[in-house]
Amino acid sequence: MTKSLDRIDELLLAELKANSRVSHADLSARVNLSRNAVRVRIERLERDGFIKGYTIVTGDGDAAQNLTTALMFVYRHDRMRGGDVLHALRKIPEVVACDVMTGDFDLLVRVEADKADRIRQIWQQIAEMPGVRDTLTAFALSSVIRK
């Protein structure tokens, strides 16, 4: 049975995406429900898999800090047996996302670091990994949508 969302569930999800720390009291005012009804709905959304987790983005307290972002396209020697590369990527703290892709390249790796030189070091580390055949790196000029 496919579970569906009603208009209030969608409003709750939109509010939580914008600010996952919003209080139940504030949410209840925004969606016109009691705090208890909001709590019950959030618990159901979590249980049903519509909310899979909460996260934070850390910083050094400087609101003006800008991270340098690079996307690295990684080509492995063997797509089916390239688990060692994935295991090694998980150990690099600046790797914030890694997707297995179809098409010409195998992995799309998003790297965020405080300096471009650190991204160069990570690129070199990835390029030298056993199992990596080649890489292609593109730096982001700006981030216009961040969710």
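Trainee: Why is Val74 called buried?

Mentor: This is a predicted model, and the value is computed from it. Buried means under 20% relative accessible area. Val74 has 0%, so Val74 counts as buried.

Trainee: Where does Val74 lie?

Mentor: In strand 1.

Trainee: Which residues is Val74 in contact with, leaving aside its neighbours within four places in sequence?

Mentor: Phe105, Asp106, Leu107, Val109, Ile126, Val132, Asp134 and Thr135. A contact needs heavy atoms within 4.5 Å.

Trainee: How far apart are Val74 and Leu108 in sequence and in space?

Mentor: They are 34 residues apart in sequence. C-alpha to C-alpha, they are 6.4 Å apart in space. Take Arg133 too, which is found in strand 4. Arg133 and Val74 are 59 residues apart along the chain, and their C-alpha atoms are separated by 7.8 Å. Beyond its neighbours within four places in sequence, Arg133 is in contact with Tyr75, Arg76 and His77.

Trainee: What makes strand 2 and strand 4 edge strands?

Mentor: Start with the order of the open sheet, which is 2-3-1-4. Four strands form this sheet, and the pairing is antiparallel. Strand 2 (95-100) and strand 4 each have a single partner strand, so one side of each is left without a neighbour in the sheet. From one strand to the next, the twist averages 20°.

Trainee: How do you know that strand 2 and strand 3 pair?

Mentor: Pairing requires at least two bridges between the strands. Five bridges join strand 2 to strand 3, so the two count as paired. They run antiparallel. Cys98 stands opposite Val109 in strand 3.

Trainee: Which strands does helix 4 touch?

Mentor: Helix 4 packs on the sheet, touching strand 1, strand 2, strand 3 and strand 4. Its direction makes about 15° with that of strand 3. Helix 5 lies across strand 1, strand 3 and strand 4. Helix 5 runs at about 10° to strand 1.

Trainee: How does the reach of helix 5 compare with the expected value?

Mentor: Helix 5 (residues 116-127) has 12 residues. From first C-alpha to last, it reaches 16 Å, close to the 16 Å expected at 1.5 Å a residue.

Trainee: Which residues of helix 5 are buried?

Mentor: Ile119, Ile122 and Ile126 are.

Trainee: What makes a set of residues a nonpolar core?

Mentor: The residues must be buried, of a listed type such as Val, Leu, Ile or Met, and joined through side-chain atoms within 4.5 Å. The largest such core here has 16 residues. Met72, Leu89, Ile92, Val109, Val111, Ile126 and Met129 touch the most other members. Strand 1, helix 4, strand 3 and helix 5 each give two or more residues to this core. The largest share, four residues, comes from strand 3. Apart from this core lies another, of 11 residues, among them Leu16, Val22, Ile42 and Leu45.

Trainee: Does Ser28 count as buried or exposed?

Mentor: Buried. Ser28 has 11% relative accessibility, and the cut-off is under 20%, so Ser28 qualifies. Ser28 lies in helix 2 (residues 24-31). Not counting residues up to four places away in sequence, Ser28 touches Leu33, Ser34, Arg35 and Val38.

Definitions and conventions. Residues are numbered from 1 along each chain as its sequence is written. This is a predicted model: local features need pLDDT of at least 70, side-chain atom pairs count only at pLDDT 80 or more; totals for chains, interfaces and linings use all residues. Side-chain values use heavy atoms; hydrogens and water are left out. The expected span of a helix is 1.5 Å times one less than its number of residues. Buried means under 20% relative accessible area, exposed over 50%, partly exposed in between (1.4 Å probe, protein chains only). Axes are lines fitted to C-alpha atoms, for helices over the stretch in contact, and angles run from 0 to 180 degrees between N-to-C directions.
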